[in-house]
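Try each task before reading its solution.

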Amino acid sequence: MNTRLFSFHGGLKLVDFKAGATDQPIQQAPLPPQLVIPLQQHIGTPAEPVVKPGDRVLTGQVIARATGAISANIHASSSGTVSAIEKRPVAHPSGLQAPCIVVTTDGADRWCDSPTITGDDFPHLAPDVLRKLIRQAGIVGMGGAGFPTAVKLKPSGGNSVELLVLNGAECEPYISCDDMLMRERAPAVVSGARIMMHALGARQAVIAIEDNKPESIAAMQAALASAGVGNVSVRAIPAIYPAGGEKQLIKLLTGIEIPAKALPINAGIVCHNVATAAAAHRAVYLGQSSISRIVTLAGHVPRDLNLEVRYGTPVDFLLRSFDINPAQVSAVIIGGPMMGYTLHRGDVPVIKTCNCILVQQQGKRLPYGNHGAAMPCIRCGNCADVCPANLLPQQLYWHAHSRDFDKIQDFHLFDCIECGCCDYVCPSHIPLVQYYRFAKSEIWAQEHDKEKADIARQRHEFRQFRLEREKTERALRHKQKADALHAPSAEAEDLARKKAAIAAAVERVKTRKAQSDTKPRNVDNLSAQQQQLIDEVEARRKQHRRQRTERPPNKNSDAQ
Amino acid sequence: MTVLRTSSSPHIHGPNSVPKLMFTVLACLLPALLAHGWFFGAGIAVHLTLACATALGCEALMLSLRDKSRMLFLTDGSALVSATLLCFAIPPLAPWWLTVIGVSFAIVVAKHLYGGLGHNPFNPAMVGYVLLLISFPREMTAWLTPATHSALHYDFGATLDLIFNAGITGVDAVTMASPLDHLRMELSRTHSMVEILNNGELYGRLGGTGWEWVNAMALLGGLLLLWRKIIHWHIPVAMLLALLISAGFFHLLDPGRYSDPMLHLFSGATMLGAFFIATDPVSAATTNRGRLYYGAGIGIITYIIRTWGGYPDGVAFAVLLMNMAAPTLDHFTQPRAFGHGERD
């Protein structure tokens, strides 16, 4: 492995505000009386419930099963009774409700039995077995995206995987859950890395950690040394936001720029979060499904903390448990301050992708939380300087502002990763990312409308075609009917046939007559006797002919 | 907490702001302004005060006519920057109305009629200056040398009186062309460089007396701007290099007819232009490659106008001409987006 580091364009050095939550160990969050477990905590199709209200469930038991290839199982985060399956508010920027399974906990937290493997089995296992264990455990990408991990562990489309990148960059301010995980559970991360490498057939793995986490780097190096793994290395990368962006991280480590419309796997690279690796280890070796994660609780809180939280724990329960009065809270950000989203209400549950809960209290602002009034763009170009995708944010803004959605795509709108760097540095305080989201959703809506319009047009055209066809068919039928009406009667036909027969007969007679008028041959130099014989014959013939013409023709005469 | 405040990410913002930017520019202009005042006397302070007051007055008027927030825009500092830059071009004992007309035109027409802050295609200060130069060439070229100025011993009251009452007639006898203007006129009279430069107290070691210090201080201020990351290096470096190379080339061809490149770099509005005027983000090119072309264009046009044109200094015209080219430059110099091939 090349030990050189590369760089990506732009980025920001941000004050990280991580010290508060990293000076104490990870704490267990208390178990709430009710867990509200959404059926969709991942990218893909929602899981299908396999329990019904009143059912007793055990910790780690599947309560909703994955449907389709890109989906994930949902497990009971603690033992208890299913009290409802209904729509509840969930952690989503839209603030919409989604189906959830509500489990009233019994406090016993009794685990169900799950298949595990022992350490000795590991190298002999087929990658499929590992993927199956990980899929059953409902593991999804824990860095925030929530893509089902088992899918991302299967090299697809004939790509072979050279390098597994474990993302421990954690570049957003405040968030330190991965940092604490690596400090306290480094062996699990290393073990997870080996599982993932085996599943992918990857030859090497790199654990990338920002250089503002020296403790994590040391802990990971120690764990690697004690595990005696040679093909996994730890790399300290510069703490420049957004170094944890998948394509930026790959560029930093390898110098490879993943093309805009390609995936890292096309270059033989797969990227997973360190917490996902640790979850894979728990699933494979301990038989523990994905039922909890480490969440950083920060902002206007008595003390910044890292908590092991069961999925389904309501945010306001969590706040109350750590001496935060929800009535005093004015805003809650899920995720970091750069890319996180705000909650509409406090009673939504923590889910698999929720890495940080950033609390703001009424009458207070987070440091750097001051968004002044927006002024016109002065084209200073600071945004372009910091853009990690090397776009021209102010041009994008200009075209989004004037709703020129064709032009904005020429400036590569869809390569924008919404990291917020441009917005952060904008001296005019223009909410740039909001403009880009607006433009993206408008374009999606237009495309959706266009699709619908295309279908409508096709339907319309087919209807026109059908009407036209029916019209011609009807006209044809009418014509046939009319023809049938005007067609000659049988009597008239008969008459015509008779007339034709007469005409034919007359014709025949004429022909014969003509033939008879022809001069017979060998009649020169006839003897008188011969001449007389001929005359007699002719006379008879004439007589006979006269008789025939005088007689009216009978019906069969022409049938001869 | 049933109803929480929602907002779109990012939820934090850097400390940068337009007023901060503009007042940093003003602070970086201070060394050059002090040098200017040191050599050309109290008249500079009078005109500066007048210019700033006019600028704020016009700004307030236009903002209320356009129904914009006066709170937000009067305090942004942009009008003050335009006014200050224009002040460098106004002779210290020029009549008061010169400043008032120039600044009003810059703010009302060049800035607000084009849409206000961020929308003006041309640098307002330069538009104001060019208007004055074309309309009042006599008043605009009546400079004093620093030496004459100190010899005159005008006190502040006398200066005020000259500016507000006497107008140009009072000082007509002692004013003369600025060094660049003088140089151009003398060269057109086929005097050689050596004759011209030895012939008077108008020229210092590098450029015009006094002007070389104003330029040196503007260079210092420009370096501060670079250090504070207010401007990018591309425009000033490209402009100064282009001017240096063009001047150097012709100077090497015929030192008798073409002045020393150093004289070009340290006279007139060169340094102010390179660091404070050409770098005005609103009217300049915004891509890094575009900035290089833009700066180089200004350098070359400045040299052409100074050497063969009819005006004493070419920076203002060069900036305005390149302002016109900026959108085209931007269009053709888009950077390659991440993950896109060279031709994408």
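**Exercise 1: an arginine and its partners**

The side chain of R306(B) comes within 2.9 Å of the backbone oxygen of H264(B). This is a predicted model, where local features need pLDDT of at least 70, side-chain atom pairs count only at pLDDT 80 or more, and totals for chains, interfaces and linings use all residues. Residues are numbered from 1 along each chain as its sequence is written, chains are lettered from A in the order in which they are written, and side-chain values use heavy atoms, without hydrogens and water.

Task: Find which side chain makes a polar contact with the side chain of R306(B), and decide whether R306(B) is buried or exposed.

Solution: 
1. Locate R306(B) in helix α16 (residues 288-308) of chain B.
2. Its side chain makes a polar contact with that of T270(B), at 2.8 Å. A polar contact here is a pair of N or O atoms within 3.5 Å; within protein, one must be able to donate a hydrogen and the other to accept it, and residues adjacent in sequence count only if both atoms are side-chain atoms.
3. R306(B) has 5% relative accessibility, so it counts as buried (under 20% relative accessible area, with a 1.4 Å probe and protein chains only).

**Exercise 2: a strand and its neighbours**

Task: Find which strands pair with β10(A).

Solution: 
1. Strand β9 (residues 163-168) of chain A pairs with β10(A) in the parallel sense over six bridges; pairing requires at least two DSSP bridges.
2. Strand β11 (residues 232-237) of chain A also runs parallel to β10(A), joined by six bridges.

Note on methods: Helix = DSSP H or I, 4+ residues; strand = E, 2+ residues; numbered from the N terminus. Buried < 20%, exposed > 50% of the residue type's maximum accessible area, 1.4 Å probe, protein only.
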